[in-house]
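Reader: Hey, I'm new to this one. Can you walk me through it?

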Amino acid sequence: MSDGAPAADRARLAALLRHRSGRPAAAALPLTGTQQGMWLAEQLSPGLSGYHDVAVLRLTGDLDTGALHDATRSAGAAHEALRCRIVGTDEPRQVFDAEHVDWKVLDLSALPEQVRRDRVDRCVVLASAEPFTLSEGPLWRVRLLRLSAEEHLFVCVVHHLISDGWSHGVLLRTLLAGYGARVLGRAPEPRPPATGYRDWLRDRLARERAATANGTADLVARELPREPYRFGHPDLTGNRGERRAVGVPVPVPDVQRPAFARTCARSGASVYMGLTGLLALLLARTTGETGAVFAAPVAVRRPQDASVMGCMVNAVPVVVRTTPRDTPEQAVARGSEAVLAALRHTDVPYREVARAAGPVLSTADPLTNVGTEQFNVAMSAVRLGPLTVEPLPRASLHLRHDLTLSMGEGHGGLLELWSPPALWSPGTVSELAGELADLVVAAAGGRRQNLSA
């Protein structure tokens, strides 16, 4: 390479040679317990592990593609998690020197409308399922689909090894603020601390070592009603092949949601806690069994981490001790007790609880086949001058659980049951969603339609 070569080219070649050398950088850090499980799942099912987070934005109006590309590159420079790659095999470690985001623009505007729709769906599926090269990085990619001069789709896929539900919102806000700063002259969003994510990782690793050494994982495992716990249903086929999932809305009337929130508050519960208890009651009445175990991702962020991207969660087993005879109000209270008890053990790696519980019976989740989640990403449209940015519902999701209750933040947020349709008889999950809605209405003081008291 000549001395006159651009500095960016020289840096790119140096990074490529470093990646090929296979030698971890000096600043390599171990993976957290959560990341270890994700890394292993990715080795077993590259691209289909269930740990690819997909965000799709509809961009309507006059788009400055160059400004959006610059804002995307700047996001990679601002958040060190977006520069992460995973090196090594026996003891994988993470370093933070990956190159910029994988960015591609696909022009579909000349295609006939129906062909274009099919191609869009295919592009989103391919972008979400294409495996990342963990050892080289980057662990995120962007596909900008041009549908017409005035309409684009922005598809962003981020591996869960470097992201979580909160980070999803952090990244989107960073991108939009960066774009606005370029085209509207707005002040750019302040950058997070330069080593904020690595500081969090060091603190987290120390906490996990301490929690593992003091035997807390064995204590948590002994609290499980069955080890491992699996929800059984006559219409759950047991086929463990296709894990692509769809969401079914839980049809709670808007007028009942504030009343349900008040019911939860009277029991000292959040809406999330109350819904967790009602899901456990639904499963108890469905199976006739006592007790349920849900896997719940919990943010373990410190106050100073609000603007930091990264995989900053730990799954905890939430043990809800419901019985089929409980009332909805009792189930809400039991949900509160269960979530509060689980939150006492956020420092214990989920995989250590699984090890303590006994032999691993599943490569998806070693403890349970049911999950709950709450996310905080806004779903409302944003105006950036002549451009409207609208987040679209999640799609092309591969699910690790047979059933997951997904809740948007606040009592006006989305409420859905997600499941892989290939595992269930047609219509079953929709029936469960309707029965759960009836329980919510009953807890709010309304009348149940499907379930007897």
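**A first look**

Author: The protein chain has 453 residues, and buried ones make up 51% of them; buried means under 20% relative accessible area, exposed over 50%, and partly exposed in between, using a 1.4 Å probe and protein chains only. This is a predicted model, where local features need pLDDT of at least 70 and side-chain atom pairs count only at pLDDT 80 or more, while totals for chains, interfaces and linings use all residues. Residues are numbered from 1 along each chain as its sequence is written, and side-chain values use heavy atoms, with hydrogens and water left out.

Reader: How many helices and strands are there?

Author: The protein chain holds 12 helices and 16 strands. Those are DSSP runs numbered from the N terminus: helices are H or I with at least four residues, strands are E with at least two.

Reader: And what share of the contacts join residues at least 24 apart?

Author: Taking contacts between residues at least 6 apart in sequence, 76% join residues at least 24 apart. Contact here means heavy atoms within 4.5 Å.

Reader: Why is the pair of F96 and Y197 called edge-to-face?

Author: The ring centres of F96 and Y197 are 6.1 Å apart and the planes sit at 90°, so the pair is edge-to-face. F96 is in the loop between β4 (93-95) and β5 (102-107), and Y197 is in helix α6 (residues 196-213), so the pair ties together parts 101 residues apart in sequence.

Reader: Are those two buried or exposed?

Author: F96 is buried at 11% relative accessible area, and Y197 is buried too, at 1%.

Reader: What does Y197 do with W200?

Author: Y197 and W200 form a stacked aromatic pair, 6.3 Å centre to centre with 15° between the planes. They're 3 residues apart in helix α6, so about one helical turn separates them. W200 is buried, as is Y197. Ring pairs link F96, Y197 and W200 into a cluster.

Reader: Switching topic: what lies over the face of F132?

Author: That's R141, at 3.9 Å from the ring centre. A charge sits over a ring if NZ of Lys or CZ of Arg is within 6 Å of the ring centre and within 35 degrees of the ring normal.

Reader: Now helix packing. How do α9 and α12 cross?

Author: The axes of helix α9 (residues 271-287) and helix α12 (residues 428-443) come within 10 Å and cross at roughly 125°. Axes are lines fitted to C-alpha atoms, for helices over the stretch in contact, and angles run from 0 to 180 degrees between N-to-C directions. That makes α9 oblique to α12: under 35 degrees counts as roughly parallel, over 145 as roughly antiparallel, 65 to 115 as roughly perpendicular, and the rest as oblique.

Reader: Which residues make that contact?

Author: Among them are L275, L278 and L282 of α9, and L432, L436 and V440 of α12.

Reader: What about α9 and α10?

Author: α9 and helix α10 (residues 328-342) pack at about 115°, with axes 7 Å apart. The residues that meet there include Y272, G274 and L281 in α9, and A331, G335 and V339 in α10.

Reader: And α3 with α5?

Author: Helix α3 (residues 65-78) and α5 pack at about 135°, with their axes 8 Å apart. The two are therefore oblique to each other.

Reader: Where is D164, and is it buried or exposed?

Author: D164 is in the loop between β7 (151-159) and α5 (165-184), and D164 is buried, with a relative accessible area of 1%. Leaving out residues up to four places away in sequence, D164 touches R301, G310, C311, M312 and V313.

Reader: How about S307?

Author: S307 is in the loop between β9 (292-299) and β10 (313-320). S307 is partly exposed, at 33% relative accessible area. Again leaving out residues up to four places away in sequence, S307 touches H79, V170, P192 and P193.

Reader: Last one: which peptide bond is cis?

Author: The one from G137 to P138, with omega near -5°. P138 lies in the loop between α4 (113-129) and β6 (140-148).

Methods
Rings of Phe, Tyr and Trp (its six-membered ring) pair if their centres lie within 6.5 Å; planes under 30 degrees apart count as stacked, over 60 as edge-to-face and the rest as tilted.
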